[in-house]
Amino acid sequence: MMGEPIQSFLEGGDPPSFDDVMIVPTYSEIRSRKEPDTKSFVTPNIELEVPVISSPMDTVTGAKMAFSMGSNGGLGILHRFMSKEEQALAVEDILRKNAETTGSRLAKIVPAIGVGRDEKQRFNYLYERFKNSLSAVAIDIANGDSSYMIEMIKWVDLVTSGNIPIIAGNVATGEGFIRLAEAGASAVRVGIGGGSICKTRIMTGVGVPTLASVIDCYSARKNNGNFDSVSIIADGGIRYPADFVKSLAAGADAVIAGRIFAGTIESPGEVISLNGRKVKVYRGMASKEVQDDKRGGLKPGTCAEGVSTHIPLKGKAYYILNEFCGGLRSAMTYTNSYSLSDLRNNSRFIKLTPSALDESHAFGTRK
Ligand code: IMP
């Protein structure tokens, strides 16, 4: 039989990234792409029809994006790079859009917060106002495998009596995943250094390919046995539906993405004209530009770990979500997978050579 379980690539000492592997098709009895069920739980109370989440970044997820993602089967995590009062207004905006919608799906309210004293105040402020409307909270910091994070998870659990599911991250390893699960997280964001606007690996030499981190976290969850319901969310470096499918097949329950939703109609930010093209800014939350805007510049002894760029204006986020869902449904028919757990069990991977990767892109369009 061609291909191997994805774990064998990590065990063999070659931590793969998305372009290193491909899923082998199998005999399938699925006759229509409508048959597979793509639903997935992110937290016990949030089940997504399309397990794609827009990232809590200030050029990706404001109220408009959160509503659009939620009302189309995904999820948007409301970014935290604004005052607590502004974040509360954004929550009210999503609630208003929910109240006005004629569609059947309502957007879940999931704000991001950070760690430390001010962020505890942010959480208290939001919790007092929206206690019954919050579906979850995302504790969003660069190095999630830390004492800071564990303390914050425990604090949120204490003040809410464990009533608000927590999405925490980011971590890069199975050990980190287990530490956050033990602390009380319902979902863990997995990926360090893989984001398209990320300079962490270049500035620090630290990081793990996102796919390799997902494999490690999935193995740790399987071997531990106590945290089967704690979700793994692959975060960083999703470019194509294929990266989304490979993440799910390797053990992720959902993915988080920034770049694919940046430049859409719903993403926050002005439309600018640049060299005759309409663009929007997309920037890393640890970029110099964000530090300049929000914190009065880079502090001495620190460096930027993100970059800022322009993304040509795209259409609605819905079309992207739909395209990703289409890719996933098709992958599920190629692998005879009626559910995401079938996809995980049925997927065998091969390693790609550079020429195999080259052949995988639609090379017929090259001049
Ligand atoms: P993308 O989908 O590849 O564009 O990656 C988005 C992810 O990159 C986010 O969800 C964060 O986990 C991560 N990220 C956001 N801002 C920064 C940054 O400034 N430096 C490093 N990583 C970042």
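This note goes through the sheets, helices, cores and salt bridges of a predicted model.

1. Basis. Because the model is predicted, local features need pLDDT of at least 70 and side-chain atom pairs count only at pLDDT 80 or more, while totals for chains, interfaces and linings use all residues. Residues are numbered from 1 along each chain as its sequence is written, and side-chain values use heavy atoms, with hydrogens and water left out.

2. Helices (H or I, at least four residues) and strands (E, at least two) are DSSP runs, numbered from the N terminus. Two strands pair if DSSP finds at least two bridges between them. Eight strands form an open sheet in the order 5-4-11-10-9-8-7-6, with parallel pairing. Its edges are strand 5 (75-76) and strand 6 (112-113), each of which pairs on one side only. Within the sheet, strand 4 (residues 52-54) and strand 11 (residues 254-257) are joined by three bridges, and I53 is opposite I256 of strand 11.

3. The antiparallel strands. Strand 12 (residues 272-274) pairs with strand 13 (residues 277-283) over three antiparallel bridges, with L274 opposite R277. The two strands make a hairpin with two residues between them, and N275 in the turn has a positive phi of about 50°. Strand 13 is also joined to strand 14 (residues 308-312), by five bridges in the antiparallel sense; here Y282 has T309 as its bridge partner.

4. Helices on the sheet. Axes are lines fitted to C-alpha atoms, for helices over the stretch in contact (heavy atoms within 4.5 Å). Angles between N-to-C directions run from 0 to 180 degrees. Helix 5 (residues 147-159) lies across strands 6, 7 and 8, at about 180° to strand 8. Helix 6 (residues 174-183) lies across strands 8, 9 and 10, at about 155° to strand 8.

5. Nonpolar cores. A nonpolar core is a set of buried Ala, Val, Leu, Ile, Met, Phe, Trp, Tyr and Cys residues joined through side-chain atoms within 4.5 Å. Buried means under 20% relative accessible area, exposed over 50%, and partly exposed in between (1.4 Å probe, protein chains only). The largest core has 88 residues, of which V52, I153 and F261 touch the most other members. Helix 11 (residues 317-334) gives the most to this core, with eight residues. Another core, of 15 residues, lies apart from it and includes I77 and A136.

6. A residue of helix 11. T333 is found in helix 11 and counts as buried, at 13% relative accessibility. A polar atom of its side chain lies 2.7 Å from the backbone oxygen of S330. Leaving out residues up to four places away in sequence, T333 touches S28, I30, S32, R33 and P36.

7. Salt bridges. A salt bridge is a side-chain nitrogen of Lys or Arg within 4 Å of a carboxyl oxygen of Asp or Glu. The whole structure has 20 of them. One joins R80 and D140 (3.2 Å, N to O); R80 is in the loop between strand 5 and helix 3 (84-100) and D140 in strand 7, 60 residues apart. R80 is buried at 14%, and D140 is buried at 10%.

8. R283 and D293 meet in a salt bridge (3.1 Å, N to O). R283 lies in strand 13 and D293 in helix 10 (residues 288-295), so the pair ties together parts ten residues apart in sequence. R283 is buried at 11%, whereas D293 is exposed at 53%. D58, R283, D293 and K294 are linked in a network of salt bridges.

Conventions
Polar contact = N/O pair within 3.5 Å; in protein donor to acceptor, adjacent residues only side chain to side chain.
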